[in-house]
Structure formats: structure tokens, C-alpha cells
Amino acid sequence: MVGLLRAVVLGAVVLGDRRDDALPFDPRRAFAAADGSTDDQAALVARHLAAGDLCEHDEVADLADDATVRWAADAFHAGARHTDRYVRWLAEPDPQLAGYAAELLAWFAPDEAALAGLVASGSSSPTPC
């Protein structure tokens, strides 16, 4: 159960509200607006968000969209560093956890381990008529 909860939360954090009709996913294109956001700008936006006064500072509010994209990109790239864990989850006996792992893997550039794990997980499924 804990593994399933982790997978669901991880998917929400790493992928946000993306839908699978956006696949194949191109992170360079999706996060292009983050390229112009600096560490200092993102920190400034975060400080004003925490203080609850972001909208009172137009110059900072103007930076918020790019900072949001930057944070989404950071979360995605952090998630991409753990695809080996998602591959291991494919072999879990809990079919929901294995399913979430497969869903997560669809968003990242495939490597040999991920492809082998997905093929192996599908080989134990019933064959369609």
C-alpha cells in the first residue's frame, strides 16, 4: 500500500496535471519558458508566494509563470533520475502499483532497462483474443 501511495504522489508531483494525450512528451518544448528563469528570480517568486503578497508586486508577479514552469521542469527531471525504481515497481505483485509504474515510464525517454521491464511485465498478462 505504501508503494502504491508513493507512486500516485510521485506521479502527481513529477507529472503535474499532464494528460496522456500529450505523449510522446518533449520536456524541452514543454519547459522552454523555464530557460529564462534564473535561480534568483525563482527564489524571489517563492519568497513572495510564502509571504502571500505576490500579486502586490507586479514585477515579481510577471516572473511567476516562468518560475512555475521552472519548478515543473525541476520536478520532472528529478523524477527522470529514478526510472530504475519505476522499472522495479513493474515487477511488484500489486497490479495497481505496476500499472502506475508503467504510466510513469511512458513520460520519460526510454532506456534499455525500462523497455525490457515493460516487455517483461506485459508477458505475464493474459493474451487478448
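Here are some notes on the salt bridges, a charged patch and a few contacts in this predicted model.

1. Ground rules. Numbering starts from 1 along each chain as its sequence is written, and side-chain values use heavy atoms, with hydrogens and water left out. As this is a predicted model, local features need pLDDT of at least 70 and side-chain atom pairs count only at pLDDT 80 or more, while totals for chains, interfaces and linings use all residues.

2. Salt bridges. The count comes to three, where a salt bridge is a side-chain nitrogen of Lys or Arg within 4 Å of a carboxyl oxygen of Asp or Glu. I'd start with D39 and R70, whose side chains meet at 2.0 Å, N to O. That pair links distant parts of the chain, with D39 in helix α3 and R70 in helix α4, 31 residues apart. (Helices are DSSP runs of H or I, at least four residues, numbered from the N terminus.) D39 counts as exposed because its relative accessible area is 55%, whereas R70, at 16%, is buried. The cut-offs are under 20% for buried, over 50% for exposed and partly exposed in between, using a 1.4 Å probe and protein chains only.

3. The other two pairs. D26 and R28 bridge at 3.8 Å, N to O; D26 is partly exposed at 26% and R28 is exposed at 71%. D84 and R88 have an N to O distance of 3.6 Å. They sit four residues apart in helix α5 (residues 83-89), so about one helical turn separates them. D84 is partly exposed at 45%, and R88 is partly exposed at 49%.

4. S37. Look in the loop between α2 (27-30) and α3 (39-51) for this one. S37 is buried, with 7% relative accessibility. Leaving out residues up to four places away in sequence, S37 touches A42, D66, A67 and R70; contact here means heavy atoms within 4.5 Å.

5. V69. This helix α4 residue is partly exposed at 22%. Beyond its neighbours within four places in sequence, V69 contacts A30, F31, A33 and A34. V69 and F31 are 38 residues apart in sequence, yet their C-alpha atoms are 6.0 Å apart.

6. Negative patch. D58, E59, D62, D65 and D66 form a negative surface patch. Patch residues have over 30% relative accessible area and no salt bridge, and like charges are joined within 9 Å. D62 belongs to helix α4 (residues 58-80) and, at 63% relative accessibility, is exposed.

Terms used:
Patch = residues over 30% accessible without salt bridge, like charges linked within 9 Å, V, L, I, M, F, W, Y side chains within 5 Å. Areas by Shrake-Rupley, 256 points an atom, 1.4 Å probe, with all protein chains shown as cover. Lys, Arg positive; Asp, Glu negative; His and termini not counted. Charge placed at Lys NZ, Arg CZ, Asp CG, Glu CD. Helix = DSSP H or I, 4+ residues; strand = E, 2+ residues; numbered from the N terminus.
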